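Look at the sequence and the 3D view before reading on.

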Amino acid sequence: MDVDANADGTRGPRRADAAAAAEVFADGGHPEWYRDAVVYSLDVKTFQDSDGDGWGDFRGLIDRLDYLEDLGVDCLWLRPFYPSPLRDNGYDVADYRDVDDRLGSLDEFAELVAELDARGMRLVTDLVLNHTSTDHEWFQRAREDPDSKYHDYYLWTSHIDDAYHTGNIFPEFEDGVWSYDEVAGKHYFHQFYGHQPDLNVANPAVQEELFAIAEFWLERGVDGFRIDAAHPMVLPKGHDAHRLDDPQWLFRELKRRARDVNEEAVLLAEADDEPDRLDFYFAGGEGFDGLFNFVGNSHVTYGVGVGDGWPLYRMFEQIPEAEPGGHVWWANFLRNHDEWNLLKLPHEALEHAREEFRQGGDGRDSWIFGRGHRLRLADLYDGDHDRIAMAHSLLLSLPGTPIVNSGDEIGMHADLDLPERQAVRTPMRWDGDEPNAGFSTADPEDLVIPVDGTGWPGVFQADVASQRGVPGSLFERVADAVDARKRSPEVARGDCSIVHVDPDDVWAHRFDHDGRGLLTVHNLASEPREVVVDFDIDPAGAEPVLGSADYRVADSGVAVTLGGCEYLWLRGETREAGGR
Ligand code: NOJ
């Protein structure tokens, strides 16, 4: 978004013709549902164990759907649940067409789909197309027989010294992108862990396999996919640093094949590329339907953490503008199940964030991969529920589809005693008074990942039981913000612009749609602020959508008094649109 001030003091371009935009939206081939959805990202194996074996499972998830309905989310993104040796938490897939039997079965998956359908909820699953596990049958056959068709599913070299070398994505754990395979007697290429060989995605036989896997799950009722590692997929690969001739073809074809099975299927891609390369992944509307907003993730979470609006301005400046009637769309998030990757911040801010948010001690350190913190939102914000609630309100008000990361809605902390990113993946804490916080009845020794509750002396261990149904709790405030988003179609359909506010530790933006304006104001500071926000609406019809801050609609704008970390969403008929 261009942040030059407009004549009315707002910032950014304004598209007047919302009706025309809506038309494109309707016939431009974009299913609408995902733009209105509020997504909840969870890992089945750490959500709820139903049979006491220490592993979360599909039955446990089904039993907890009431909780998710209560929170108000209407789309689940399930992290990988496929058979896997779990050396990268399931992103090392050993069989694309099944459910890991510790988590359930295909029948139970079908039951989940039916339950979600009955509740009007959608389902997005993770599709890992860049690599498999070394345990995958394709790799086993590839290494055993150089003449097998599977050999060319992967990338090999017998001349390691002449081969293309580039940095590994997990630099702390891997020296490079080649590992020697004793059975094949050659090196194979892997951008992630050595047990995750890259697929040769330029091979038409591999492409066909990948399309067929997408079809397999769409036929079983999923509404779309989170495409893992979409950026590494199109990077140079293998001995000769081979690139796909036409990488966009791969996205286009994947979408075409997916839409042939389910015309409302969507592809949301994890493409953590440079801001000026992001447009590429949309392929002019024929590529991915949305991209995970990594620029937003680093900037928004940092801006809220330091109580300053400039990172938000910078985020809007850097990324292509979300288009209600067009093809650019963001999947926004505050934290995910990986490290909080800071590489998109300017150098000084990155250095600042590295030290400012760093936690650990006794040999533990939150800094990982030379680029981020393995911390949860509650750690970044010192367990301050007011700030976590405000961050969620902001997330839910940003142009794009919001994704709530499981456990953040109750303020769960990281457990730095656990290795690598497991620190931020501990099981859901349902009830702190129950064994294993209600996640499982198993012996703590048998849990898939230990339940957090011991690692942080003095840190309040959040749970659901103490918050659900308790007015003013973090859970209820996040649920209120989700509800506000569901009642605000302007966010997905309106034209967004930044509204400049003084002081700049208060952030405001607005949406204009159908003659109405929706203003959202967030006090990033811990201290109270009084601001006057340029928002010319009819005082008679002004309607607070979220928050209980005092406001007064006057000629010069709206005067708002906000407590520390308080926020307000306000809707009204815009007088500009009313034909002043
Ligand atoms: C991104 C996933 O979010 C991460 O957890 C995983 O390690 C890599 N892709 C490799 O699949």
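How many cavities of 30 Å³ or more does the structure hold? There are 11. This is a predicted model.

Start with the largest pocket. Its volume is about 650 Å³. The lining counts 31 residues, and Ile169, Phe192, Asp272, Asn341 and Arg371 are the closest to the centre. Strand 8 (224–228) supplies at least two lining residues, and so does helix 8 (230–234). By class, the lining of this pocket has 13 charged, 10 nonpolar and eight polar residues.

In the largest cavity, Thr46, Arg79, Arg376, Ser406 and Thr426 are the closest to the centre. In the second largest cavity, Phe316, Ile319, Ala322, Trp330 and Pro399 lie nearest the centre. Helix 12 (310–318) and strand 11 (330–333) each give at least two residues to the lining of the second largest cavity.

The table sets out volumes and linings.

| Space | Volume | Lining residues | Classes in the lining |
|---|---|---|---|
| Largest cavity | about 120 Å³ | 16 residues | six nonpolar, six polar, four charged |
| Second largest cavity | about 80 Å³ | 12 residues | nine nonpolar, two polar, one charged |

**Annotated span**

What does UniProt list for residues 41–446? An unreviewed entry gives "domain: Glycosyl hydrolase family 13 catalytic" for this span. The end C-alpha atoms of residues 41–446 lie 24 Å apart.

Definitions and conventions:
Residues are numbered from 1 along each chain as its sequence is written. This is a predicted model: local features need pLDDT of at least 70, side-chain atom pairs count only at pLDDT 80 or more; totals for chains, interfaces and linings use all residues. Side-chain values use heavy atoms; hydrogens and water are left out. On a 1 Å grid over the protein atoms alone, a cavity is a set of points where a 1.4 Å probe fits but cannot get out, and a pocket is an open set with protein on both sides within 12 Å along at least five of seven lines; lining residues have an atom within 4 Å of a point. Grid points are joined across faces, edges and corners, and a volume is the space filled by probe spheres set on the points. Helices (H or I, at least four residues) and strands (E, at least two) are DSSP runs, numbered from the N terminus. Ala, Val, Leu, Ile, Met, Phe, Trp, Tyr, Cys and Pro count as nonpolar, Asp, Glu, Lys and Arg as charged, and the others, Gly among them, as polar. UniProt positions are given in the numbering used here, feature names are shortened, and annotations may be inferred rather than shown by experiment.
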